[in-house]
Amino acid sequence: MKRGRLFILSGPAGAGKGTLRNILFGELDDLAYSVSHTTRKMRPGEAEGRDYHYVSRDEFGKMVKSNEFLEWAEVHGDCYGTAKSGVERVLGEGRDIVLEIDVDGCRQVKEIEPGAVMIFITAPSIDELENRLKGRGTETPEQMDVRLRDAAAEMKRAAEYDRVIVNDDVGRASRELVETIKSYRKAGRRCK
Ligand code: 5GP
């Protein structure tokens, strides 16, 4: 059986990755989502196993030591990682999988799986990111400061990606994301 394809979505906080991902999953079948592990606290409205697997720093550290992560990184002061087992199972079944991970994690995955398709989602400007982060109100002012500070560095790494999507309009950007994934599926790029 042919292995599935790995699609990575990255981009700064406030770019609209979550919104575009939800639209993507509504439009395309046969696409799995990799639920990451994190030491970050659960936000109101989030659910264990759907948004993340929430673990303590101790548990996360044990998983790192026992080599359970495909990639992991410290992002905005918390640890986030992709468990190898889930990704391996989906790819082995010949199904495609989407990872939503940061720029450092993306680089790690690309080394292991050069066939992974890396898509960077961004907003038209840092000011726009700030407006969106304020608007969604899910972060404390301190968390927002950290995310905005990190955004400038993250945006500089857009050139490392296969495709950059500027989320200036959700309808247009989501169509671009869906079409990008469809075109890579057609081209037959697969993981080794
Ligand atoms: P948030 O706390 O807003 O859900 O996510 C913060 C950042 O962590 C986002 O940039 C998100 O893409 C990244 N992230 C989420 N899961 C993972 C993961 O498993 N690995 C890595 N490297 N980054 C992740």
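Predicted model: local features only at pLDDT ≥ 70, side-chain atom pairs only at ≥ 80, totals over all residues.
Buried means under 20% relative accessible area, exposed means over 50%, and partly exposed is what lies in between, with a 1.4 Å probe and protein chains only.

Residues are numbered from 1 along each chain as its sequence is written, and side-chain values use heavy atoms, with hydrogens and water left out.

Asparagine 67 belongs to the loop between α2 (57-65) and β5; helices (H or I, at least four residues) and strands (E, at least two) are DSSP runs, numbered from the N terminus. Its phi is positive, about 60°, although asparagine 67 is not a glycine. Most residues other than glycine have a negative phi. Aspartate 30 also has a positive phi of about 60° without being a glycine. You'll find aspartate 30 in the loop between α1 (17-27) and β2 (31-33), and it is exposed, with a relative accessible area of 56%.

**Around the ligand**

Now for the ligand. There are 17 residues surrounding it, the closest being Ser36, Arg40, Tyr52, Tyr80 and Asp102; to be near, a residue needs a heavy atom within 4 Å. Sorted by class, that shell has 5 nonpolar, 5 polar and 7 charged residues. Here Ala, Val, Leu, Ile, Met, Phe, Trp, Tyr, Cys and Pro count as nonpolar, Asp, Glu, Lys and Arg as charged, and the others, Gly among them, as polar.

| Protein side | Ligand atom | Distance |
|---|---|---|
| Tyrosine 80, polar side-chain atom | oxygen | 2.5 Å |
| Threonine 82, side-chain N or O atom | oxygen | 3.3 Å |
| Glutamate 100, backbone N or O atom | nitrogen | 3.4 Å |

On its own the ligand has 510 Å² of accessible area, and the protein covers 94% of that; the areas come from the Shrake-Rupley method with a 1.4 Å probe.

**One more residue**

Asparagine 131 is in helix α5 (residues 126-136). With 48% relative accessibility, asparagine 131 counts as partly exposed. Asparagine 131 and glycine 14 are 117 residues apart in sequence, but their C-alpha atoms are 8.3 Å apart in space.

Methods: Polar contact = N/O pair within 3.5 Å; in protein donor to acceptor, adjacent residues only side chain to side chain.
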